[in-house]
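Have a look at the model first, then read on.

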Amino acid sequence: MSTDSEIIQRSLGHPRAFAELFDRHARAVGGYAARRLGADAGEDILSETFLVAFARRRAFDTSWESALPWLYGIASRLIRKHRAREAKHLRSSAQSAQREEHISHGDLETTIARLDAEISTRELAPRIAALSAKDRETLLLYAWGDLTYEEVAVALGVPVGTVRSRMNRVRTRLDPSRAASRERVVNDKEGAVDGRFRARA
């Protein structure tokens, strides 16, 4: 089976070969876009993503066998234009979480599981909407795009350390009890240290 890189290189001389890339990744990219923006806008983003990818295929880094992080990166940049609509969609999901529409209960359960956060569906959607655009994009590429930290970094064009930092911040925002628990541990440790010093004094 050809790698994505081989398909893209072949398409430079035979443009129709690029259709193989669409067949291979349209479902993943389209599903991600639909979860971010809803079904109608998701279809538009899917089409535009592959139009942009086709036009820019010469710029693809051929050292990567998979084009999926690159495609997610293009889709994410297009999705930024719909930020306000996306936030509204996520907030409305809090009221319609039981409907298997654009954000299903299963999708949110996956997000929760990957973040180790015991948060109900109704609580999670508005918290995601309240994240900064960069943090929200990083989270959704990881949780819904099912990318690794390294692949998220490629998609967004940032260092992997930035992705780790954003994800740590997201975990705290989505599950405040984690931060409170961590603060208690720190305070307990500081108290123990203070106690030892006092005892010595």
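Helices (H or I, at least four residues) and strands (E, at least two) are taken as DSSP runs, numbered from the N terminus. This is a predicted model, where local features need pLDDT of at least 70, side-chain atom pairs count only at pLDDT 80 or more, and totals for chains, interfaces and linings use all residues. Residues are numbered from 1 along each chain as its sequence is written, and side-chain values use heavy atoms, with hydrogens and water left out.

**Overall fold**
- The chain has eleven helices and zero strands.
- Of its 201 residues, 44% are buried (buried is under 20% relative accessible area, exposed over 50%, partly exposed in between; 1.4 Å probe, protein chains only).

**Aromatic pairs**
- Rings of Phe, Tyr and Trp (its six-membered ring) pair if their centres lie within 6.5 Å; planes under 30 degrees apart are stacked, over 60 edge-to-face and the rest tilted.
- That rule gives five aromatic pairs.
- Tyr32 and Tyr72 make an edge-to-face pair, because their ring centres sit 5.1 Å apart with the planes at 75°.
- Tyr32 belongs to helix α2 (residues 19-37) and Tyr72 to helix α4 (residues 68-79), so the pair ties together parts 40 residues apart in sequence.
- Tyr32 is buried, at 1% relative accessibility, and Tyr72 is buried too, at 2%.

**Out on the surface**
- Asp44 is part of helix α3 (residues 39-55).
- Asp44 counts as exposed because its relative accessibility is 53%.
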